[in-house]
Amino acid sequence: MKIESKYVLTPKNGIIFGIVVAVIAVFYIINWIKIDTVVASVTDLDTVVNVTREKTSSGRYIESKSYKKLVYTDKGTFQDSSDFLRGKIGDQFYNNLDEGQTYIFTISGHDLGFFSFYPNIIDVKPAVNANPVLNQVN
């Protein structure tokens, strides 16, 4: 019995696949190298839970959860997530932030909230006598 696949890798498909992979890689590289320093006041903290259920071949369901820690500020929304290339594992800052307080955030990435992509927090310091020049997003 010969099994045929409807997915055949032709040179045209290979080129399209390569272009898609290259565009995604460029997007992540640009996102990773864009670093800004922002002085912002925390207005809200939120944890978004994404639950995925998959049915196994035995008919049972496997449920997995992923968490996104969001920090809402007067300068935009940031997320606190892992950045393995910078040595940041997990949400290191989220639990130490207080609503109504002002912090100096070092963030990486672009704000594409429509796609649920937010700048990632790299570092946070309390804004004691913060420099007003840093009070803008580049």
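Modeller: Contact means heavy atoms within 4.5 Å of each other. The model is a predicted one.

Colleague: Which residues does glutamate 99 touch, not counting residues up to four places away in sequence?
Modeller: Glutamate 99 belongs to the loop between β3 and β4. With residues up to four places away in sequence left out, its contacts are Val42, Thr43, Asp44 and Leu45.

Colleague: Is glutamate 99 buried, partly exposed or exposed?
Modeller: Buried needs under 20% relative accessible area and exposed needs over 50%. The relative accessibility of glutamate 99 is 48%, so the class is partly exposed.

Colleague: What distance separates the C-alpha atoms of glutamate 99 and threonine 73?
Modeller: Along the chain, glutamate 99 and threonine 73 are 26 residues apart. Between their C-alpha atoms the separation is 9.0 Å.

Colleague: How do the planes of phenylalanine 78 and phenylalanine 105 lie: stacked, edge-to-face or tilted?
Modeller: The structure holds two aromatic pairs. In the one formed by phenylalanine 78 and phenylalanine 105, the centres are 5.3 Å apart and the planes make an angle of 55 degrees. Stacked requires under 30 degrees and edge-to-face over 60, so 55 degrees falls in the remaining class. The pair is tilted.

Colleague: Which strands does the pair of phenylalanine 78 and phenylalanine 105 tie together?
Modeller: Both phenylalanine 78 and phenylalanine 105 are buried. Phenylalanine 78 is in residues 76–79 and phenylalanine 105 in residues 102–108, so the pair ties together parts that are 27 residues apart in sequence. Those parts are strand β3 and strand β4.

Colleague: Which residue joins Phe78 and Phe105 in the cluster of ring pairs?
Modeller: Phe78 and Phe105 form an aromatic pair. The cluster linked by ring pairs also includes Tyr103.

Colleague: How far from the ring centre of tyrosine 61 is the charged end of arginine 53?
Modeller: The charged end of arginine 53 is placed over the ring of tyrosine 61. To count as such, CZ of Arg must be within 6 Å of the ring centre. Here the distance is 4.4 Å.

Colleague: What is the relative accessible area of aspartate 74?
Modeller: Lysine 75 is partly exposed at 29% relative accessibility. Aspartate 74 is partly exposed as well, and its relative accessible area is 46%.

Colleague: Which side chain makes a polar contact with the side chain of glutamine 79?
Modeller: Glutamine 79 is part of strand β3. At 13% relative accessibility, glutamine 79 is buried. Its side chain makes a polar contact, at 3.4 Å, with the side chain of serine 81.

Colleague: Which residues touch the most other members of the largest nonpolar core?
Modeller: This core has 13 residues. Strands β1, β4 and β5 each supply at least two of its residues. Valine 71, beyond its neighbours within four places in sequence, has contacts that include Phe105 and Ile121. The members that touch the most others are Val71, Phe105, Ile121 and Val124.

Conventions:
Residues numbered from 1 in each chain as written. Predicted model: local features only at pLDDT ≥ 70, side-chain atom pairs only at ≥ 80, totals over all residues. Heavy atoms only, no water. Phe/Tyr/Trp six-rings, centres within 6.5 Å; stacked < 30°, edge-to-face > 60°. Helix = DSSP H or I, 4+ residues; strand = E, 2+ residues; numbered from the N terminus. Buried < 20%, exposed > 50% of the residue type's maximum accessible area, 1.4 Å probe, protein only. Lys NZ or Arg CZ within 6 Å of the ring centre and 35° of its normal. Polar contact = N/O pair within 3.5 Å; in protein donor to acceptor, adjacent residues only side chain to side chain. Core = buried A, V, L, I, M, F, W, Y, C linked by side-chain atoms within 4.5 Å.
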